[in-house]
Amino acid sequence: MTFGDRAVGIQTLSAAPAPVPSPRFWAKLPVAVGNLVQLGGILLGVLLILGAGASRGIAALSVLLAVLGILAVYLCSHAIAHWAVGRLVGLRFAYVGVRGTDHPEAYPPVLREAMAATPMFTTVSTKRSRAAASPTAMAAYFAAGETSTTICTALAALLAFLVGVPGGGIILAVTVVWVLVAVATTTFTPKGDYYKARQALRAG
């Protein structure tokens, strides 16, 4: 390393850290198609959980179906809520993107790779409609996704418990902890939905 490299390094350390760019989308779906896929995923998740209850005599199969069902609800209940609330407050949308988490840096190493490889939906609103929206409207739009994910995922785990999935109480407890950690992450991470909602309100 040359002296010039060291000088640049010192300047970099003293400056504010550059924002981490979001990962590229693996696919871009028309809004209607993306929403239908998400609704289908939520329905599939519920059916898997009900199937887990029906097959509770085979514990391993029941637990597997329940976990897959909860995961399907978790993945498919986020972006569609952004879209629904966004449309209510006047936003327009270009497409629904599919990629891993857009803030992998918020997770510890092993979980980071898993979340980056997990397909998640993202609604992409148009720049013009965002510029025309009020701070309150943008805050509602940003907060909708995580709020929906938290509620729907917890309800999915509760359903697994109610239909008698073996270990349903443990699954419910783990799920509640998971969504609470996610709420904390999105509240304090700059790319998080609740963080963006707070910033939107402050801007107003």
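**Close-up views of a predicted chain**

**View 1. Alanine 52 and its contacts.** Leaving aside neighbours within four places in sequence, alanine 52 is in contact with Ser62, Leu65, Ala66 and Val165. Contact here means heavy atoms within 4.5 Å. The model is predicted: local features need pLDDT of at least 70, side-chain atom pairs count only at pLDDT 80 or more, and totals for chains, interfaces and linings use all residues. Residues are numbered from 1 along each chain as its sequence is written, and side-chain values use heavy atoms, with hydrogens and water left out. Alanine 52 sits in helix H2, residues 31-54. Helices (H or I, at least four residues) and strands (E, at least two) are DSSP runs, numbered from the N terminus. Alanine 52 has a relative accessible area of 0%, so it counts as buried. Buried means under 20% relative accessible area, exposed means over 50%, and partly exposed lies in between, with a 1.4 Å probe and protein chains only. Valine 67 is 15 residues from alanine 52 along the chain, and their C-alpha atoms are separated by 9.0 Å.

**View 2. The whole chain, for orientation.** The chain has 9 helices and 3 strands. From the N terminus on, the order is α-β-α-α-α-β-α-β-α-α-α-α. Of the 204 residues, 40% are buried. Take the contacts between residues at least 6 apart in sequence: 74% of them join residues at least 24 apart. The chain exposes about 11,300 Å², and carbon and sulfur atoms supply 73% of that area. Accessible areas come from the Shrake-Rupley method with a 1.4 Å probe; for residues, only the protein chains shown count as cover.

**View 3. Strands S1, S2 and S3.** S2 covers residues 93-99. It pairs with S1 (residues 27-29) in the antiparallel sense over 3 bridges. S2 also pairs with S3 (residues 120-125), again antiparallel, over 6 bridges. Two strands pair if DSSP finds at least two bridges between them. Glycine 97 in S2 stands opposite lysine 28. Glycine 97 also stands opposite threonine 122 in S3. Valine 98 faces phenylalanine 121 of S3 across the pairing. S2 is mostly covered, with 5 of its 7 residues buried. S3 is mostly covered as well, with 5 of its 6 residues buried. In a regular strand the side chains alternate between the two faces of the sheet.

**View 4. The largest nonpolar core.** This core has 13 residues; Leu91, Met138, Tyr141 and Phe142 have the most contacts inside it. Helix H7 (135-162) and helix H9 (193-203) are the elements that give two or more residues to it. H7 gives the most, with 6 residues. A nonpolar core is a set of buried Ala, Val, Leu, Ile, Met, Phe, Trp, Tyr and Cys residues joined through side-chain atoms within 4.5 Å. Beyond four places in sequence, phenylalanine 142 touches His82, Asp193, Lys196, Ala197 and Ala200. A second, separate core has 12 residues, including Ala52, Ile70, Val73 and Ala156.

**View 5. Tyrosine 141 in helix H7.** Tyrosine 141 is found in H7. Its relative accessible area is 5%, so it is buried. Not counting residues up to four places away in sequence, tyrosine 141 touches His82, Val85, Gly86, Leu91, Phe93, Thr123 and Ser125. Histidine 82 is 59 residues away along the chain, yet the C-alpha atoms of tyrosine 141 and histidine 82 are separated by 5.6 Å.

**View 6. Serine 148, also in helix H7.** Serine 148 lies in H7. This serine is buried because its relative accessible area is 17%. Its contacts beyond four places in sequence are Ser77, Ala81 and Thr153. Cysteine 76 is 72 residues from serine 148 in sequence and 9.8 Å away in space, C-alpha to C-alpha.

**View 7. A nonpolar patch on the surface.** Ile58, Leu61, Leu64, Leu68 and Leu71 form this patch, with about 430 Å² of accessible area together. Patches are made of residues with over 30% relative accessible area and no salt bridge; like charges are joined within 9 Å, nonpolar side chains (Val, Leu, Ile, Met, Phe, Trp, Tyr) within 5 Å. A salt bridge is a side-chain nitrogen of Lys or Arg within 4 Å of a carboxyl oxygen of Asp or Glu. Leucine 64 lies in helix H3, residues 59-76. It counts as partly exposed because its relative accessibility is 48%.
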